[in-house]
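Here is a short report on how one protein chain is put together.

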Amino acid sequence: MKKVLILDGGDVGTESSAIRSALECFGYIVTVFYIGRPQDYFDALGGKLNFDFDYLVICCHGEDGKIIAPVLADEVYLPDECRGALGFDELCGAVAFNNKITVCTGCTTGCTELYRAFTEGGNSFVAPRDYIDGKSCFLFVVTMFYHLSNGVCLKESCELSSAIDSETELFGVYGVDREN
């Protein structure tokens, strides 16, 4: 059984629970972790929380090629906690897993160097290159995992999922082309 970790970045409606439900129908074991503060991204991506997963789905908003992190009151931030959006500069060296597939639903998170933070260590990164409708993100992710669950390789799963319409074709694949 393949395991999926979903990081719910907040303010994404029912996206993470809808994806979870669909993936569990396909036979995946799914864990959802709710991001409450920017440091939670670093703890989850850096292995500090000891999640066991094959695939990572980051349900979030994105802008200018970065993941929008929660904004806290000034007195609530930890010392040296990242403030603002998370791009390559913020996440470079923070991803401490290997040979995994990460799917990010945040708008524009596939249009900049952000993918480089996730593709070290033989990882793959899948994300939209522009602003995308939320229901199209859901449709792309669920369709991609459906194909993966049937033994289709990542590249072909993404090609099939991108071919649905002009919104889903905004997703790009970065990094290693692996079987599953």
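## Strand 1 and its partners

Asp8 stands opposite Cys59 in strand 3. This is a predicted model. Strand 1 and strand 3 run parallel and are joined by 5 bridges. On strand 2, the residue opposite Leu7 is Phe33. Strand 1 and strand 2 also run parallel, with 6 bridges joining them.

Strand 1, helix 1 and strand 2 together make a right-handed β-α-β unit.

## Helix 1

Which residues of helix 1 are buried? They are Glu15, Ser16, Ile19, Ala22 and Leu23, in a helix that spans residues 15-25. Viewed down the helix axis, these buried residues fall within an arc of 130°, so they line one face of helix 1. They pack against strand 1 (3-8), strand 2 (29-34), strand 3 (55-59) and helix 5 (134-149). Just after helix 1 comes Gly27, which takes a positive phi of about 100°.

Nonpolar side chains tend to be buried together in soluble globular proteins. The largest nonpolar core here has 28 residues, and Val4, Met144 and Phe145 touch the most other members. At least two residues each come from strand 1, helix 1, strand 2, strand 3, strand 6, helix 5 and helix 6 (154-162). Helix 5 gives the most, with 7 residues.

Take Val4. Beyond its neighbours within four places in sequence, Val4 is in contact with Leu23, Tyr28, Ile29, Val30, Thr31, Phe53, Tyr55, Val57 and Phe145. A second, separate core holds 27 residues, including Phe42, Leu45, Leu86 and Phe88.

## Thr102

Thr102 lies in strand 6, residues 101-104. Is Thr102 buried or exposed? Thr102 has a relative accessible area of 0%, so this residue is buried. Neighbours within four places in sequence aside, the contacts of Thr102 are Leu56, Ile58, Phe97, Phe118, Ser124, Phe125 and Val126.

## Aromatic pairs

How many aromatic pairs does a search of the whole structure find? The search finds 10. Two of them are set out here.

| Pair | Centre to centre | Angle between planes | Geometry |
|---|---|---|---|
| Tyr55 and Phe145 | 5.2 Å | 85° | edge-to-face |
| Tyr115 and Tyr174 | 4.9 Å | 20° | stacked |

Tyr55 lies in strand 3 and Phe145 in helix 5, so their pair ties together parts that are 90 residues apart in sequence. Both Tyr55 and Phe145 are buried.

Tyr115 is partly exposed, with a relative accessible area of 28%. Tyr174 counts as buried, at 15% relative accessibility. Ring pairs also link Tyr115 and Tyr174 with Phe118 and Phe125 into a cluster. Phe118 and Phe125 are among the contacts of Thr102.

Definitions and conventions. Residues are numbered from 1 along each chain as its sequence is written. This is a predicted model: local features need pLDDT of at least 70, side-chain atom pairs count only at pLDDT 80 or more; totals for chains, interfaces and linings use all residues. Side-chain values use heavy atoms; hydrogens and water are left out. Buried means under 20% relative accessible area, exposed over 50%, partly exposed in between (1.4 Å probe, protein chains only). Helices (H or I, at least four residues) and strands (E, at least two) are DSSP runs, numbered from the N terminus. The arc is that of the directions from the helix axis to the C-beta atoms. Contact means heavy atoms within 4.5 Å. Two strands pair if DSSP finds at least two bridges between them. A crossover is right-handed if, with the strands pointing away from the viewer, the path from the first strand over the helix to the second runs clockwise. A nonpolar core is a set of buried Ala, Val, Leu, Ile, Met, Phe, Trp, Tyr and Cys residues joined through side-chain atoms within 4.5 Å. Rings of Phe, Tyr and Trp (its six-membered ring) pair if their centres lie within 6.5 Å; planes under 30 degrees apart count as stacked, over 60 as edge-to-face and the rest as tilted.
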